[in-house]
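This report describes a protein chain for a reader who has not seen it before. Please look over the sequence and the structure first.

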Amino acid sequence: MGPWLTVNELRPHALFSFGTLTHAPVQAALFGRAVPSSPASLAGYRTRPLTITDPFVIAASGLDVHLTLECRLGGTVDGALLRLTDQDLAAADAYEVDDYVRRRVRLSSGEPAWAYVDAKPLRPAARIAILGDGIAYGRCDPHGGWAARLAADHIARNENEHRVFNLAVPGSTLRGVAEQVSTLLAPRRPDTVLVAAGMNDSSLPLAANRRDGLQHMAEHLDVIAASIEGHGARLVVMGPTWIDETRTLDHEGARYTEARVTVLRELLQVWCDDNHVDRLDMWEPLRGDPALLDDGLHPTPEGHRKLYHHLRALSR
């Protein structure tokens, strides 16, 4: 498996398209020419219609209904692999409406490429795996935390095709996830993987030197991302949640402070932005309300309920 950044370094850029970007009039309008392309396919997906309201996009394509991708085990979408320059890729980004984002995929051939997918990563998901620490595990909530609520809602919407695998382990770190991710995912075949970065990662050497902290964290996230891409799944980074540091300054021998967790939050955002990876920020639902935390760190059942409703709002 190649390094995670390979697709960012490809010149020209490899972009998988299954819709209007393959049409000659659209390419002429966006790029001023027909771009080099070859047949390609994407496994683990199928298409569904998406209504378009942007007048420029409608004028360029001649259509007010485009296609978008949704994850389905055993599905395949046929299309074309376009070879784009930096300028072409910027034009393609401007053409796609807010319902789409550009993300990395692994083609049926094994080649990495860009593709425009649903902007809300859980909306098209079918088989979801959750990796993370005690909060993702559901600690301090007998009902299983936000993850159990997500599972109940997700599976109820499609009992035949939807699955949720909560593989979180209390005390886990990004390093631990990186060491186990491939083994955990292989038998479950998820199409979407939520990686919840939590308080244990804030105890790493992040605050003293942010550049070194980002490099240290990126080493683990790069491994996780490459493995998830290799399994044909979409990575979604979550967390961290707000903490009440008046009760966490000496938690089981570790020092958790709001400042350190804030640094972790900022570094996660930087890495996700740099690598075009989805991030779901879980900070706000608990911020400033110590009553929602059982020990200053782990959410109460009500805290988990608020996290779940926040997550659902970001995903619908």
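Predicted model: local features only at pLDDT ≥ 70, side-chain atom pairs only at ≥ 80, totals over all residues.

Residues are numbered from 1 along each chain as its sequence is written, and side-chain values use heavy atoms, with hydrogens and water left out.

The protein chain has 11 helices and 10 strands (DSSP runs numbered from the N terminus: H or I of at least four residues for helices, E of at least two for strands).

Helix 2 spans residues 24-31, and its buried residues are Val26, Gln27, Leu30 and Phe31. These lie on the same side of helix 2, because they cover an arc of only 95 degrees around the axis (taken from the directions from the helix axis to the C-beta atoms). The face turned away from that buried side carries the exposed residues Ala24, Pro25 and Ala29. Gly32 follows helix 2 and has a positive phi, near 80 degrees.

Arg102 belongs to strand 4 (residues 100-106). The table lists values for Arg102.

| Item | Value |
|---|---|
| Arg102, relative accessible area | 10% (buried) |
| Arg102 to Val117, C-alpha to C-alpha | 6.4 Å |
| Arg102 to Asp93, side-chain polar contact | 2.8 Å |

A polar contact is a pair of N or O atoms within 3.5 Å; within protein, one must be able to donate a hydrogen and the other to accept it, and residues adjacent in sequence count only if both atoms are side-chain atoms. Beyond its neighbours within four places in sequence, Arg102 is in contact (heavy atoms within 4.5 Å) with residues including Leu89, Trp114 and His276.

Notes. Buried < 20%, exposed > 50% of the residue type's maximum accessible area, 1.4 Å probe, protein only.
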